[in-house]
Amino acid sequence: EGRISADTAKKAERVMKVISMIGIYAFLVIMAFAIIVPFYWMLITSLKTNSEIRNQITFFPQTIQWANYKVLFKGLAKDAIFEGKRVTNGIDPFNFLTYMKNTLIVGVLSTLGTLITTILAAFAFSRLNFKGKDFVFTIFLATMMIPGEMMVITNYITVSSWLESPVGVYAAMIIPFWVSTYYIYLLRQNFKQIPNELYYAAKVDGKSDWSYLWKVMVPLAMPTLITIFILKLMGAWNSYVWPNLVADDDSLRLVTNGLRGYGASPSGEPHQGLQMAATVVVTVPLLLLFIFFRKYIMRGVGRAGIKG
């Protein structure tokens with residue numbers, strides 16, 4: 001007496017479950033909307049005229065101007081007419097292929113170097129026994145608290161003598177970033193999940209640590225290594241401050257640096273339509289990379305945080 005029946009309790013539980021699911025999906029829809037809107041705004045802005053961008057806010061171009069993409073890749077000669085105005089100084093094309101080549105060179109080589117140092121360091125911290133290992137690893141993790149901006153001047157002084165040749169400029173953008181504390185920590189956690197019995201069995205079979213690393217541990221940790229490869233390549237694609245500091249020649253710049261200096265209008269003011277068109281072109285390859293390889297990123301990060 002005074003208590004609710006089992007059927008009433010079940011109905012109340014179902015109602016609460018439905019309300020909870022509605023709240024969760026409403027939150028996800030709101031967050032998805034907040035994330036998608038900037039991409040949509042970037043896309044429609046790349047198809048607007050400069051006057052429309054400056055004078056009014058519209059959620060769809062009044063006149064779709066595909067000429068922004070044409071100017072982006074072909075440029076605009078001096079004295080040509082663009083948006084009803086005569087171009088006095090001309091508009092150079094966006095050297096996307098050159099920037100893409102430089103970004104891929106820097107990204108791939110820096111990623112391969114990072115993978116090698118990460119594998120060796122993670123193996124040492126997870127499997128090898130040496131005096132002071134835990135203390136060294138603790139100090140190593142503490143370096144993650146140091147902002148990267150604090151090392152810019154020191155790194156620049158170190159590589160300043162390299163900047164006299166294109167090869168030196170590439171080396172300056174690649175070599176200083178071959179070591180990543182976060183990736184070493186991520187792979188170490190994954191290596192520690194591999195049972196010790198495999199290591200002991202390999203030792204009984206006469207395998208060396210080097211052979212065990214490359215024939216057993218690396219294949220088992222391949223999802224995490226693919227994750228590191230993708231994230232590192234995306235980081236190289238998005239890097240701006242350091243490449244802008246060491247690469248003065250436009251032919252050696254990365255996509256982010258080339259994007260920053262593009263989009264001068266005939267009157268000398270920034271042309272947001274051209275800038276957004278270049279942003280779309282730069283963003284699409286990175287977006288496709290994430291879409292096709294997102295499952296490896298999720299799998300690699302998930303495996304690093306699960307024991308067993």
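**Aromatics, a nonpolar patch and one buried threonine**

Tyr40 has its place in helix α1 (residues 6-45); helices here are DSSP runs of H or I with at least four residues, numbered from the N terminus. This is a predicted model, where local features need pLDDT of at least 70, side-chain atom pairs count only at pLDDT 80 or more, and totals for chains, interfaces and linings use all residues. Residues are numbered from 1 along each chain as its sequence is written, and side-chain values use heavy atoms, with hydrogens and water left out.

**Surface patch**
- Tyr40 is partly exposed, at 36% relative accessible area (buried is under 20%, exposed over 50%, partly exposed in between, with a 1.4 Å probe and protein chains only).
- Tyr40 belongs to a nonpolar surface patch with Ile35, Ile36, Phe39, Trp41, Ile57, Phe59, Phe60, Ile64 and Trp66, and together they have about 1,100 Å² of accessible area.
- Patch residues have over 30% relative accessible area and no salt bridge, with nonpolar side chains (Val, Leu, Ile, Met, Phe, Trp, Tyr) joined within 5 Å and like charges within 9 Å.
- A salt bridge means a side-chain nitrogen of Lys or Arg within 4 Å of a carboxyl oxygen of Asp or Glu; areas come from the Shrake-Rupley method with a 1.4 Å probe, and for residues only the protein chains shown count as cover.

**Aromatic pairs**
- The count is 11 aromatic pairs (ring centres of Phe, Tyr and the six-membered ring of Trp within 6.5 Å; planes under 30 degrees apart are stacked, over 60 edge-to-face, the rest tilted).
- Trp41 and Phe59 pair up edge-to-face, 5.7 Å centre to centre with 75 degrees between the planes.
- Trp41 sits in helix α1 and Phe59 in the loop between α2 (50-55) and α3 (67-74), so this pair ties together parts 18 residues apart in sequence.
- Trp41 is partly exposed at 33%, while Phe59 counts as exposed at 60%.
- Tyr199 and Tyr212 are also edge-to-face, at 5.1 Å centre to centre and 70 degrees between the planes.
- That pair links helix α9 (residues 196-204) to helix α10 (residues 209-220), parts 13 residues apart in sequence, and both Tyr199 and Tyr212 are buried.
- Phe125, Phe137, Phe140 and Tyr185 make up one aromatic cluster.

**Charges over rings**
- Lys48 lies over the face of Trp41, 4.7 Å from the ring centre (NZ of Lys or CZ of Arg within 6 Å of the centre and within 35 degrees of the ring normal).
- Arg188 puts its charged end over the ring of Phe137, 4.0 Å from the centre.

**A buried threonine**
- Thr111, in helix α4 (residues 96-126), is buried at 1% relative accessible area.
- Beyond its neighbours within four places in sequence, Thr111 contacts Phe229, Lys232 and Leu233 (heavy atoms within 4.5 Å).

Methods. Helix = DSSP H or I, 4+ residues; strand = E, 2+ residues; numbered from the N terminus.
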